[in-house]
Amino acid sequence: MVGGFRYLEKKPLIGSLLLGLFNDSGLLDHVGFTSSIHDDERSALTKKVEGLIKPPGFTGKAPGGPRRWSTKHSSEWQPLKTTLVVEVQFDHFTGGRFRHGTKFLRWRPEKAPQACTMEQVRRESRSALGLL
């Protein structure tokens, strides 16, 4: 689900969508981002999401704070009403976060935002030796 967004550094267009999942307490935790947005779609997407700007966005763990790759600009974000659900492709999720960039696949208007939970990314804790 989309809990917020960041603008591009030099243009007032969407740079990335900030992704969230509801935790076991029902709070929306920031879990990563997707920036795989086609340039020709950024203007329309910006208009769409700017109409949904509404605090608080994330009610649990929020984006921001010092990071190895962050700049002042990259820590600024806009909160959104919890209405937009997206499907993303990812390759690694640990510690409550997508560890690599995700790829935007599609909008999911038929899915309720409250159905976007950490349970979707939990895996059974199994040893790879069991596969041998």
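Biologist: Why is R106 called partly exposed?
Modeller: R106 has a relative accessible area of 40%. Buried means under 20%, exposed means over 50%, and partly exposed is in between (1.4 Å probe, protein chains only), so R106 falls in the middle class. One caution first: this is a predicted model, where local features need pLDDT of at least 70 and side-chain atom pairs count only at pLDDT 80 or more, while totals for chains, interfaces and linings use all residues. Residues are numbered from 1 along each chain as its sequence is written, and side-chain values use heavy atoms, with hydrogens and water left out.

Biologist: What makes E87 and R106 a salt bridge?
Modeller: The term asks for a side-chain nitrogen of Lys or Arg within 4 Å of a carboxyl oxygen of Asp or Glu. Between E87 and R106 the N to O distance is 2.7 Å, so the pair qualifies. E87 sits in strand β5 (residues 86–89) and R106 in strand β8 (residues 103–107), so their pairing ties together parts 19 residues apart in sequence. Strands here are DSSP runs of E, at least two residues; helices are runs of H or I, at least four, and both are numbered from the N terminus.

Biologist: What does R108 do with E87?
Modeller: Their side chains also form a salt bridge, at 3.4 Å from N to O. R108 lies in the segment after β8 and E87 in strand β5, so this pair ties together parts 21 residues apart in sequence. E87, R106, R108 and E110 are linked in a network of salt bridges.

Biologist: How do you know whether D39 is buried or exposed?
Modeller: D39 has 64% relative accessibility, which is over 50%, so D39 counts as exposed. Its salt-bridge partner at 3.0 Å (N to O) is R42. R42, at 9%, is under 20% and therefore buried.

Biologist: Which residues touch the most other members of the largest nonpolar core?
Modeller: Of its 27 residues, they are I14, L17, V31, V49, L80 and F98. The elements giving two or more residues are β1 (2–7), β2 (14–22), β3 (28–34), α1 (42–50) and β5, and the largest share, six residues, comes from β2. A nonpolar core is a set of buried Ala, Val, Leu, Ile, Met, Phe, Trp, Tyr and Cys residues joined through side-chain atoms within 4.5 Å.
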